[in-house]
Amino acid sequence: MINYRKYISGIAVLATGFFLAQTNVSTVLYSPNFESQKSGLNLPSPAVAIEKAFLSPKELVDINLNTMMADPVLKNATWGFVVYDPKTKKVISSYNENIPLVPASTTKLLTTETALHLLGENYRWMTQLEYSGEIDENGVLNGNLYIVGSGDPSLGTNKAGAWSYKEIVSDFVSGMSREGIKKVNGDIIIQTALFKGNISRLPENVVWLENNNYYLPVGTTREINPANEKLIVKKGNNLASDKKYFYVSPYANQMVYAEKYEGDGILTTKLPDAPAFLANSFRATLVKSGVGVTGKVTPKTTDAAPEVRKLISAYKSPTLSDIIYYTNQRSDNALAEALLKTVGFQKMGDQTSESGRIVVNEHLKEVAFDVEGLNYMDGSGLSRGNQVTPISQVKFLTSLMNQKYYKTYFDSLPIAGQTGTLKGMFKLEGNGQIFAKTGTLNKVKALTGYMKTNTGRTLVFSILVNNYAGSVAQVKSKMEKILQPALDL
C-alpha cells in the first residue's frame with residue numbers, strides 16, 4: 001500500500017508555496033485581458049502539475065485507481081483492472097485482477113488467436129464449382145453441377161474484402177462459358193459437409209441485441225411470442241436505447257423489441273443457408289442468360305459413392321488474417337462464431353459450437369493459459385456465461401508477443417481514437433497509443449490489450465467492469481481516466 005499521508009502532506013506544502021508564488025506574480029503582472037485569455041489556454045491545474053512533478057507514474061496510477069474505487073459509477077460494480085509488464089513478467093498495478101468477470105467481446109481475443117494458431121494466417125475457405133458427366137458437341141452437359149462449400153463465414157457478405165454473391169455467380173457463369181456449357185441436363189447439387197444444418201442453439205444466457213450494441217449471428221426466432229412484440233424501427237427512427245431485447249421479427253420482418261426473452265434458445269438466420277442462396281442465384285442467372293438447367297437445386301451433405309467431377313471454377317475467401325482483422329476491428333459476432341466452428345471441424349471433424357469450445361479450451365491449456373476462473377461459452381462473447389480473470393488475459397496477451405503471427409494479431413486490434421470500435425475513445429491522451437479489444441453488453445464494459453507508453457514501453461492491460469451504474473459513456477470515461485496515468489509509466 002502507498003503511504004498516502006506522506007504524499008498528501010508533501011503536496012499540500014508544495015501547493016501552498018506554489019499558490020503564494022502565483023499570488024505575488026499575478027499582483028505584478030495582472031492585466032484586464034488575463035481572465036479572458038486564461039480560459040482558452042487549457043493548462044493543467046497546479047495540483048496536477050505538482051502531482052506529476054513529485055510522484056512517480058506508478059504512484060499516480062495507484063492513487064488514481066483508489067480514487068476510482070469510490071466513484072459513483074464503479075463503487076457498487078464488480079470490476080477488475082491490471083497493468084502488466086511483459087518484460088519483467090510482473091504486475092505494475094492492479095485491483096481485483098484474480099476475480100472471474102464477464103468479458104463480453106474481449107472473448108474474441110481467445111477465439112481469433114486459437115484460429116490463427118491452428119489454421120495459420122494464410123488459411124482460406126474454398127467454394128468450388130464442379131461438374132460430373134460429359135459435355136457433348138452441342139455444349140450440353142449430361143451430368144450435374146456441384147457447388148462444394150467449406151463453411152466460408154464471409155461468403156457473399158463483402159466482409160474483409162469478400163466477394164458478393166453477384167460477383168461469385170458472375171465468376172461461375174464465366175467458368176461455364178470457358179467450358180463451353182450451354183445447357184445442363186441435371187441438377188445443381190450443394191455439397192457442404194462442414195455446416196450441415198441451418199439451425200443453431202445459442203449458448204447459455206446469450207442475449208440477442210442489447211441496447212443497440214451488437215447483432216447476433218442469427219437474426220430471427222420462430223419461438224418468440226408475437227403478442228409481446230413491439231415495433232421500434234420505422235423509417236427515420238432510431239432504435240430505442242432503453243429496451244432489453246432486439247431482434248428481427250419473423251412475423252413482421254422488421255426490427256422489434258421484447259421486454260423479456262420467451263424463446264427456447266433455437267434461432268434461425270434470415271439467410272439460413274448461404275450455399276443454397278448462392279446455388280439458387282446461380283441457377284436463376286444461368287436460366288436468365290440462356291443456359292437451361294433441367295434439374296433443381298438440391299443439397300447433399302454426404303455421398304457414399306461420389307461421382308467423378310471436374311473443376312470449373314474456385315472462389316477463395318479472404319485470408320484468415322483479413323477475416324480476423326475484420327472480426328476484431330468491428331467486433332463481428334457472426335465471423336467469431338464461424339471461426340469457433342471452423343477450429344472445431346479442423347481439429348475434431350465436427351462443425352458444432354461444442355466441438356469448437358473443446359478445441360479452444362484444449363488450446364488454451366496447451367499454451368499455459370491460466371484457466372483458473374475461465375468459462376469459455378462461445379466464440380463471440382455474447383454469452384453471459386463467459387468468465388475470465390483480468391490477470392489471465394494480460395498473461396495470455398504477453399505470451400503471444402513471441403509468436404510468429406503476433407504482428408497479424410496485434411494489427412487486428414482497434415487503435416485508440418483512430419480505428420474500429422476504439423475510434424470514439426481516447427481522443428486526446430492515449431490517442432494512437434492503445435491497441436485493444438472492446439467488449440459491451442448491458443451493464444458490462446471491457447477493454448483489454450496493449451499500450452505504448454510515453455517512455456516507449458509496451459505494457460499489457462485489462463479492465464473488466466460488470467454491473468456498473470450510469471451510462472456506457474460514463475463507464476468509458478472512467479476507463480480512460482484509469483488508463484491515462486499509465487501512459488507515463
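**Exercise 1. The mixed sheet**

Which residue in E15 is the bridge partner of Ile 188?

*Solution.* 

Step 1. Keep in mind that this is a predicted model. In E15, Ile 188 has Val 297 as its bridge partner.

Step 2. Look at the pair of strands. Strand E8 covers residues 188-191 and pairs with E15 in the parallel sense, over three bridges.

Step 3. Now widen the view. The strands line up as E15-E8-E6-E3-E16, an open sheet of five strands with mixed pairing.

Step 4. Find the edges. They are strand E15 (297-299) and strand E16 (309-316), and each pairs on one side only. From one strand to the next, the twist averages 20°.

**Exercise 2. The antiparallel sheet**

Work out the strand order of the sheet that holds E1 and E2. Why is one side of E2 and of E17 left without a neighbour in the sheet?

*Solution.* 

Step 1. Strands of a sheet pair through backbone hydrogen bonds, either parallel or antiparallel.

Step 2. Read off the order. This open sheet of five strands runs E2-E1-E19-E18-E17, and its pairing is antiparallel.

Step 3. Explain the edges. Strand E2 (90-95) and strand E17 (434-441) each have a single partner strand, so one side of each has no neighbour in the sheet.

Step 4. Zoom in on one pair. Strand E1 (residues 78-85) pairs with E2 in the antiparallel sense over five bridges. Within this pair, Val 83 has Ser 93 of E2 as its bridge partner.

Step 5. Helix H13 (residues 472-483) lies across E1, E17, strand E18 (444-452) and strand E19 (458-466). H13 runs at about 30° to E18.

**Exercise 3. The largest cavity**

How many cavities of 30 Å³ or more are there? Describe the largest one, and the helix that gives the most to its lining.

*Solution.* 

Step 1. Start with the idea. Rolling a probe the size of a water molecule over the atoms shows where empty space is left.

Step 2. Count. There are three cavities of 30 Å³ or more. The largest has a volume of about 90 Å³.

Step 3. Go to its centre. The lining has 14 residues, and the closest to the centre are Pro 103, Thr 107, Leu 110, Val 388 and Gln 393.

Step 4. Sort the lining by class. Eight residues are nonpolar, six are polar and none is charged.

Step 5. Trace the helices. Helix H5 (108-119) and helix H11 (390-399) each supply at least two lining residues. H11 gives the most, with three.

Step 6. Look at H11 itself. Eight of its ten residues are buried, among them Gln 393, Val 394 and Phe 396.

**Exercise 4. The second largest cavity**

Which residues line the second largest cavity? Sort them by class.

*Solution.* 

Step 1. Note the volume, about 40 Å³.

Step 2. List the lining: Leu 118, Lys 347, Val 359, Glu 362, His 363 and Glu 366.

Step 3. Sort. Two are nonpolar, one is polar and three are charged.

Step 4. Find the main source. Helix H10 (residues 353-366) supplies the largest share, four residues.

Terms used: Residues numbered from 1 in each chain as written. Predicted model: local features only at pLDDT ≥ 70, side-chain atom pairs only at ≥ 80, totals over all residues. Heavy atoms only, no water. 1 Å grid on protein atoms, 1.4 Å probe; cavity = no way out; pocket = protein on both sides within 12 Å on 5 of 7 lines; lining within 4 Å. Points joined across faces, edges and corners; volume = space filled by probe spheres on them. Nonpolar A, V, L, I, M, F, W, Y, C, P; charged D, E, K, R; others polar. Pairing = 2+ DSSP bridges. Axes fitted to C-alpha atoms, helices over the stretch in contact; angles between N-to-C directions. Buried < 20%, exposed > 50% of the residue type's maximum accessible area, 1.4 Å probe, protein only. Contact = heavy atoms within 4.5 Å.
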